[in-house]
Amino acid sequence: MVGRVSDIDIRLLRIFVAVVDAGGFSLAVARLNLAESTVSQHMADLETRLGLRLCERGRGGFHVTPAGEEVYRLAINMLLDLEEFRDQLTSIRSGVAGTLRIGLPDGIIGDPHFPIGRQLAQFLKRYPEIQLEINMRSPRVLERSVQDGDLLLAIGPRHRRVSGLRFVPIYAEANSLYCGRGHDLFGVPPEKLAAKDVEQFDRIARGYLDRFDAQFFRDQTYRITVHQVEAAAMMILAGAGIGFLPDHFAAAYVERGELWRVKPDHFRFDSDMGAILHPSKSDEPKVSRLLKMLGIG
């Protein structure tokens, strides 16, 4: 192989990468949908074109030569560059461009079930003509912003049916009841605490979730109402009351001994998280492509 890299060279390099990834010719057969003799011939052709011995195969088993290791690394980089070029060309052709304004609730960054930051980074890499604008707002403000057209898409909890909006579920967020260090319930083992005994303590309400803890408490009066997860955590940590928090958000505070899960076998619920859309905007290319990347397109 001297000078330009041809389509045949690229095809042979793809086969070589598949063989190395599979750990041998016979194991690569199913992945490539080729006969083993054909794979062997392609590898011989590639070695001839390169003038290099890429791998050893025989009674001693399959292993890649030092030259083969270098060619494998270069081939991987080249194939990734080709894929990125293809994706960016697709972006230009598809008209996925312009500003994409989305909304997120606070406290979502540490959720292992929904790595939104990494997904958005991949989206920007694939569609270089997109400018992304992210707004962190409370769930009800996110809904209004989508209704008004200020946001094309928002991620948030489903807590009520909103006329004119579409909710697409993504995952369930686990929530538990927490208290801060210094609270009377801190450190009390679950088996030594009756659920009815918890009702006497001041609780923190989430203003955007109607009667969200009614399944646990008859009394629906609260001293503190918040509209963000971080505000709830701040007051719980300060000892001002007990309240529900997403488990992924509270985990670091629990590990540091600053928060305590109150009778977790009883006080827990799952909150449906999903995409909030205006039906008239769902088919816009930049919205539909983002939904697809999030696995809900």
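User: Is Tyr-253 buried, partly exposed or exposed?

Analyst: The model is a predicted one. In this model, Tyr-253 belongs to helix H8. Its relative accessible area is 22%. Buried requires under 20% and exposed requires over 50%, so Tyr-253 is partly exposed.

User: Which residues does Tyr-253 touch, not counting residues up to four places away in sequence?

Analyst: Tyr-253 lies in helix H8, and sequence neighbours up to four places away are set aside here. The residues that Tyr-253 then touches are Leu-237, Glu-258 and Leu-259.

User: Which residues of H8 are buried, and what covers them?

Analyst: The buried residues of H8 are Asp-247, His-248, Phe-249 and Ala-250.

User: How far from Asp-247 is the nearest side chain of opposite charge, and which residue carries it?

Analyst: Asp-247 is found in helix H8 and is buried without a salt bridge. A salt bridge needs a nitrogen of Lys or Arg within 4 Å of a carboxyl oxygen. Among the contacts of Asp-247 beyond four places in sequence are Ala-174, Tyr-178 and Arg-261. The nearest side chain of opposite charge is at 4.1 Å, and it belongs to Arg-261.

User: Are H2 and H3 roughly parallel or roughly perpendicular?

Analyst: Two packed helices are described by the angle and the distance between their axes. The axes of H2 (residues 25–32) and H3 (residues 36–50) come within 9 Å and cross at roughly 105 degrees. Angles of 65 to 115 degrees count as roughly perpendicular, so H2 and H3 are roughly perpendicular.

User: How many nonpolar, polar and charged residues does the contact of H2 with H3 have?

Analyst: On the H2 side, Phe-25, Ser-26, Val-29 and Leu-32 take part. They meet Glu-36, Val-39, Ser-40 and Met-43 of H3. By class, the contact has 5 nonpolar, 2 polar and 1 charged residues.

User: Is Asn-33 buried or exposed?

Analyst: Asn-33 sits in the loop between H2 and H3. Although Asn-33 is not a glycine, its phi is positive, about 60 degrees. With a relative accessible area of 69%, Asn-33 is exposed.

User: Is Lys-263 buried or exposed?

Analyst: Lys-263 lies in the loop between S10 and strand S11 (268–277). Its phi is also positive, near 40 degrees, in a residue other than glycine. Its relative accessible area is 13%. The cut-off for buried is under 20%, so Lys-263 is buried.

Conventions: Residues are numbered from 1 along each chain as its sequence is written. This is a predicted model: local features need pLDDT of at least 70, side-chain atom pairs count only at pLDDT 80 or more; totals for chains, interfaces and linings use all residues. Side-chain values use heavy atoms; hydrogens and water are left out. Helices (H or I, at least four residues) and strands (E, at least two) are DSSP runs, numbered from the N terminus. Buried means under 20% relative accessible area, exposed over 50%, partly exposed in between (1.4 Å probe, protein chains only). Lys and Arg count as positive and Asp and Glu as negative; His and the chain ends are not counted. Contact means heavy atoms within 4.5 Å. Axes are lines fitted to C-alpha atoms, for helices over the stretch in contact, and angles run from 0 to 180 degrees between N-to-C directions. Angles under 35 degrees count as roughly parallel, over 145 as roughly antiparallel, 65 to 115 as roughly perpendicular and the rest as oblique. Ala, Val, Leu, Ile, Met, Phe, Trp, Tyr, Cys and Pro count as nonpolar, Asp, Glu, Lys and Arg as charged, and the others, Gly among them, as polar.
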